[in-house]
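Subject: Structure handover and notes

Hello,

Please find the structure below, followed by notes on what was found in it.

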Amino acid sequence: TLLESLLNEYRARTQGSAAAHWRAAAALPGGETRSTTYHPPYPLALATGHGSRLRDVDGTDYLDLVNNYTSLMHGNAWSPATRAAADALADGAALSSPHERQVALAELLIERVPSVERVRFTNSGSEASVLAARLARHATGRDRLLMFDGGYHGSAPPLLAGTPDVVTVPYNDLDAVEKALDNDIAAVFAEPFLGAGGVIPSHPDFLPAVARLAHAHGALFVLDEVQSLRNHPGGEQSQLGLRPDITVMGKVIGGGLPIGAIGGPEQLLSLTAATTTGGLSHSGTFNGHLAAAAAGTVTLQHLDASAIDQLNLAAHKLADAITTAAAEARIPATVTRAGSILNVHLSTTAPVNAAQARAVADTPLLAALHLALLLDGIYTTPRGMINISTALDADDLERAAQAYAQAFQRLAGAE
Ligand code: PLP
């Protein structure tokens, strides 16, 4: 079959990655550190990344359409960020006191994101989601959380669907939200679009209605902008007319280094202050790490409205080119998009919820597309998500579009 021949070609061309994988597997379960990045027979072992280029341990170069799952805004090893981080490290980045570098990043987020008046830092988006859940529970005196099927707020157990205290309903289904909401829910957690769930945009009035319903039931509305903050200077809330009680942030705000944060109104966020009697105690040895804060600040400073508009327009064109190429090859495919983040779904209709996306994910055809692109020097994710950074130029994007066209032709030829 096509998939078997692609796997053989991959094995022949990535012997260094195979060796790296077997060595890693003796030290790291499964030879990896992130479930989502694994794919058979073994993931590519990357050695370096510069700008829009990645190099594997065999010395092969790839165009980076993953950007560390949207966290790299300006590409790999972007020098203003690496310099800012290096300066922070040289000054002592583990000072265990509040620091100006943290304040500078917080000030920038407050200036940009409408609902954010105060910022509390963590080390990852997952930790920020956990803090948001703790804060919502503390503020409301309730335990349960309402989330969306396919929503992803990090890998912490209390935030994974299927655990007690988490109720899950389909995305874009207001009736289901209405039925599930009761006066026992501490918060509704939503992403402006389902990110890991398939880059599925929300219907225009869906989230404003969800926020209203949440408030009518005395629950908080938490908006997870960990991915979406790259799509607009003020996050997608500024586009959707939302004023969340808590905004969860991460990825791009660390300029490529680990960070997370929650933001919101002064009154609510002050519950996390050490000086607040009966508040929430929140600590972390590396909270708001100074190298990440410095890299994040310079990254956002170079990400103004016009830079984002250009990037989103380029993503729109790439989505169109991929859709056209699939149609020409008679491969059933649709591309969903939110700003500069895209997902290729091998179906003729765009999914509106995670169940529809799952039905066409994890198929041999999608695995074949991923491998065909890798073998053509294009680094994408196994699940079909890609995103672009400002490091990709017009030629890079043209090359990416052509690679998709060739990959689709290859898939079609094998049928
Ligand atoms: N929230 C969303 C929307 C995400 O996409 C992610 C990561 O993919 C997270 C939270 C978790 O962030 P982190 O991986 O930094 O823990």
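A residue counts as near a molecule or strand if its C-beta atom, placed from the backbone, lies within 6 Å of it. The model is predicted, with local features needing pLDDT of at least 70 and side-chain atom pairs counting only at pLDDT 80 or more, while totals for chains, interfaces and linings use all residues. Residues are numbered from 1 along each chain as its sequence is written.

Ligand shell

The ligand is surrounded by 16 residues, and the closest are Ser124, Gly125, Ser126, Gly154 and Val226. Helix H6 supplies the largest share of this shell, three residues. Helices (H or I, at least four residues) and strands (E, at least two) are DSSP runs, numbered from the N terminus. By class, the shell has four nonpolar, 10 polar and two charged residues. Here Ala, Val, Leu, Ile, Met, Phe, Trp, Tyr, Cys and Pro count as nonpolar, Asp, Glu, Lys and Arg as charged, and the others, Gly among them, as polar.

Sheet

Seven strands form an open sheet in the order S4-S12-S11-S10-S7-S5-S6, with mixed pairing; two strands pair if DSSP finds at least two bridges between them. The edges are S4 (118-122) and S6 (166-169), each with a single partner strand, so one side of each has no neighbour in the sheet. From one strand to the next, the twist averages 20°. S10 (residues 220-224) and S11 (residues 246-250) pair in the parallel sense over three bridges, and Leu223 stands opposite Thr247 in S11. H6 (residues 125-140) lies across S4, S5 (144-148), S7 (185-190), S10, S11 and S12 (260-264), and runs at about 165° to S11. Axes are lines fitted to C-alpha atoms, for helices over the stretch in contact, and angles run from 0 to 180 degrees between N-to-C directions.

Helix packing

The axes of H14 (residues 364-375) and H15 (residues 394-413) come within 9 Å and cross at roughly 135°. H14 and H15 are therefore oblique to each other (angles under 35 degrees count as roughly parallel, over 145 as roughly antiparallel, 65 to 115 as roughly perpendicular and the rest as oblique). Leu365, Ala368, Leu369, Ala372 and Leu373 in H14 meet Ala403, Ala407, Arg410 and Leu411 in H15; residues are in contact if their C-beta atoms, placed from the backbone, lie within 7 Å. This contact of H14 with H15 has eight nonpolar, no polar and one charged residues.

H1 (residues 2-13) also packs on H14, with axes that come within 9 Å and cross at roughly 35°.

Regards

Definitions and conventions
Contact = placed C-beta atoms within 7 Å.
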